[in-house]
Amino acid sequence: MARLGVEAITSSHHGDPGPERYDVVVIGAGAAGLMCAIEAGKRGRRVLVLEHADKAGKKILISGGGRCNFTNLYATPDSYQSQNKPFCVSALTRYAPQEFIVLVERHRIAYHEKKLGQLFCNGSANQIVRMLLDEAEAAGVTVRLRCKVTSIRRADGFLIDTDLGPVAAGSLTVATGGLSIPQMGATGFAYAVARKFGLSVAPTSPGLVPLTSSGQPLEFCKRLAGVSISCTASCEGASFTENLLFTHRGISGPAILQVSSCRQEGEQVHIDLLPGFDLLTHLKEQQDARPKADLQTILSTLLPRRFAEVMCETSLPNLGMAQLSIKDISAVVHRLKDWTILLDGTEGYRKAEVTVGGVDTNGLSSKTMGAVGVPGLFFIGEAVDVTGPLGGYNFQWAWASGYCAGQYV
Ligand SMILES: Cc1cc2nc3c(=O)[nH]c(=O)nc-3n(C[C@H](O)[C@H](O)[C@H](O)COP(=O)(O)OP(=O)(O)OC[C@H]3O[C@@H](n4cnc5c(N)ncnc54)[C@H](O)[C@@H]3O)c2cc1C
């Protein structure tokens, strides 16, 4: 966890030119930070963005498999989770997906809807980073890379000490993201700043993350690694119909990533492997139509062959259809329509697409993203306790919260 000093500033020595001065300092040149900086720059504010990595927008570059799923046509506030759900309504309503689409189109970036309202670049995610940097430049924003913040002090505004020298700012925006992908430099910096200034942090956990198994169930997954099945995965009253993917460590795929964000530790995930399909009627019909065929053959027409094979070998009665009793048929239906597997962990922040939880929104203004009681301090993006599902929702929150803060910093 980052260590920060917030001791009171003392006057500078005589003759000392003092720190560089900006109206606004934004820490973090990611999606939210760049958007905030652009908007503030457009208002004529003198803006400096401090970024500790060697490049801006690194997560944008790796997002959406390199094509950046930059928004979702259906990203409305009710899609997001937070301890304080109404918080995100204001920003997401003021900066809707259409606003970002207009920006993308103005920069002539070709895009397409992949599925379920998910908009991706036709080309590379680099186009989105280029667009943001061009916008930042046009708005007169300075982006300083490879710059490490060592302490933040309250002054007439804020004094930010960095390894490249001190900077004074009237307002400070923390846009350093969450804990996901620490190997790319993600830290708990935003939470440390929030705590130092008296704000609370809602408990954090890895979200949109593959789930892991152990023992026999893991052996089952390993045998099926690479197999993908369309399913409905449910947990905590939330259901997602998407693909499931077996891995060498457990299960993943969009349906599982979605469910992982809602799931409490140790909670069972219920999986319908044939959503919307009346398996009971089908199997009864097959008993008459193909009495000599074995169950595995019949299931192979409905599910991936390898899955039917391993399932029949390990946990289904692989008899001829005519030999199956009604009790057997019911057991097969139950197994496949409400399949569960031991899931005793996640792949953690190393593989999580987002961090659930974060800076407690009860301490922030939903209009400005400013900290209540700390004038001039703002938190935006993934650092805040607002988390979207898979499919462009998290970038939309980054753009929207960055846009709103940019009007007030
Ligand atoms: C593999 C992967 C794929 C993803 N794909 C998608 C997708 O397609 N669509 C989608 O909507 N979401 C996607 N996400 C989630 C999305 O990337 C994040 O929700 C989004 O980037 C959050 O934006 P942010 O600006 O809040 O944080 P970030 O984008 O994480 O930016 C934070 C910035 O702050 C910098 N920083 C951190 N600490 C410090 C510090 N102490 N000092 C200075 N700088 C610091 C970081 O280097 C970084 O540049 C994906 C995430 C991952 C990991």
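Trainee: Which β-α-β unit do S1, helix H1 and S2 make, right-handed or left-handed?
Mentor: This is a predicted model, where local features need pLDDT of at least 70, side-chain atom pairs count only at pLDDT 80 or more, and totals for chains, interfaces and linings use all residues. Residues are numbered from 1 along each chain as its sequence is written, and side-chain values use heavy atoms, without hydrogens and water. Helices (H or I, at least four residues) and strands (E, at least two) are DSSP runs, numbered from the N terminus. Seen with the strands pointing away, a clockwise path from the first strand over the helix to the second is right-handed. With helix H1 at residues 31-42, the unit is right-handed.

Trainee: How many bridges join S1 to strand S2?
Mentor: Strands pair if DSSP finds at least two bridges between them. Val25 has Leu48 as its bridge partner in S2. The two strands run parallel, and the count is 4 bridges.

Trainee: Is Arg154 buried or exposed, or partly exposed?
Mentor: Arg154 sits in strand S7 (residues 149-155). Buried means under 20% relative accessible area and exposed over 50%, with partly exposed in between (1.4 Å probe, protein chains only). Arg154 has 32%, so the class is partly exposed.

Trainee: How much area do domain 1 and domain 2 bury between them?
Mentor: An automatic or database assignment sets the bounds: domain 1 is 21-204 + 357-406, and domain 2 is 210-347. Buried area is the accessible area (1.4 Å probe) that two parts lose on being put together, summed over both. Carbon and sulfur atoms hold 47% of it, and the total is about 460 Å².
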